[in-house]
Amino acid sequence: MSAALTLHGVHAGYAGKDILHGVDIELEQGGALTVVGPNGSGKSTLLKTVVGLLRTSRGSIALQGTQVETLNAPARARLGLAYVPQERNVFANLSVADNLRLGWEFLHPRTEGSARRERLDYVLQLFPEIRDRLSASAGLLSGGQRQMVAIAAALMQTPSLLVLDEPSAGLSPRNAGLLFESIARIRAAGITLLMIEQNVKLGLSAADRGLVLVAGQVRLLAPAQELLADDRLHRLYLGAPLDASETH
Ligand SMILES: Nc1ncnc2c1ncn2[C@@H]1O[C@H](COP(=O)(O)OP(=O)(O)OP(=O)(O)O)[C@@H](O)[C@H]1O
Ligand SMILES: [Mg+2]
């Protein structure tokens, strides 16, 4: 079976200037990979390149064995990729129910209402906290609940690969913990996860592998639990160079 996501030598950036310098990633079906790294290291740029908002200047990207680097973001979504950006990820003036409905209708136009309701039930099992808030305006929810709505709406697309940019940003430790309980349920449901987390401990605890991106390059890639205990992770965050022998 093909990997859920494969990147080979990916370069990408803005206005002709590369930010990513040859990134390689292989994410197996059902796997969970968390990307960490200092501010400005290119983490969001990496996700935007994976989902098709930015084009590669060099290198290749495949989703389940299909080359996608020439496809735009909606075409990649139709191949099973759903993306939740860090900010402005819900329609604040629409109800929670309408946000979820739009997530469904984006990829399932002209389907029976029963199929949507079945999916909605499934998604609400993953996010029980928003079940009672369906008629509320998404913009009036707590930050934690709003983030749950954003991820739930992405899941209404029935993706096989879910891409999350800093899901816990701006949340209290309690709400971040609750959100990650939902993320653990999503992972248990077999959906492949690629996420960025600035909360390194929380983000790596939810993944099976962790990747440290520094200055647009993969500096460390290891099982998440190993990385959490790895002194090199902390040194990279502090900007200290590693010896060549230490990067593998
Ligand atoms: N739209 C843009 N146009 C030009 N340069 C950009 C743009 N977005 C990001 N950059 C630059 O690309 C580099 C990487 O930014 P990126 O947002 O990918 O970093 P990041 O690792 O996600 O950082 P953070 O942890 O702060 O979210 C930075 O130097 C940033 O200034
Ligand atoms: Mg970012």
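Which element contributes the largest share of the shell around ligand 1? In this predicted model, local features require pLDDT of at least 70 and side-chain atom pairs count only at pLDDT 80 or more, while totals for chains, interfaces and linings use all residues. Residues are numbered from 1 along each chain as its sequence is written, chains are lettered from A and ligands numbered from 1 in the order in which they are written, and side-chain values use heavy atoms, without hydrogens and water.

The largest share, three residues, comes from helix 1 (residues 43–51); helices are DSSP runs of H or I with at least four residues, and strands are runs of E with at least two, numbered from the N terminus. The shell (residues with a heavy atom within 4 Å of the ligand) consists of Y14, I19, P38, N39, G40, S41, G42, K43, S44, T45 and E166. An oxygen atom of ligand 1 is placed 2.9 Å from a polar backbone atom of S44, and a backbone N or O atom of S41 lies 3.2 Å from an oxygen atom of the ligand; polar contacts are pairs of N or O atoms within 3.5 Å.

Strand 1 (residues 5–14) and strand 4 (residues 56–63) run antiparallel and are joined by six bridges, with L5 opposite L63 in strand 4.

Key:
Polar contact = N/O pair within 3.5 Å; in protein donor to acceptor, adjacent residues only side chain to side chain. Pairing = 2+ DSSP bridges.
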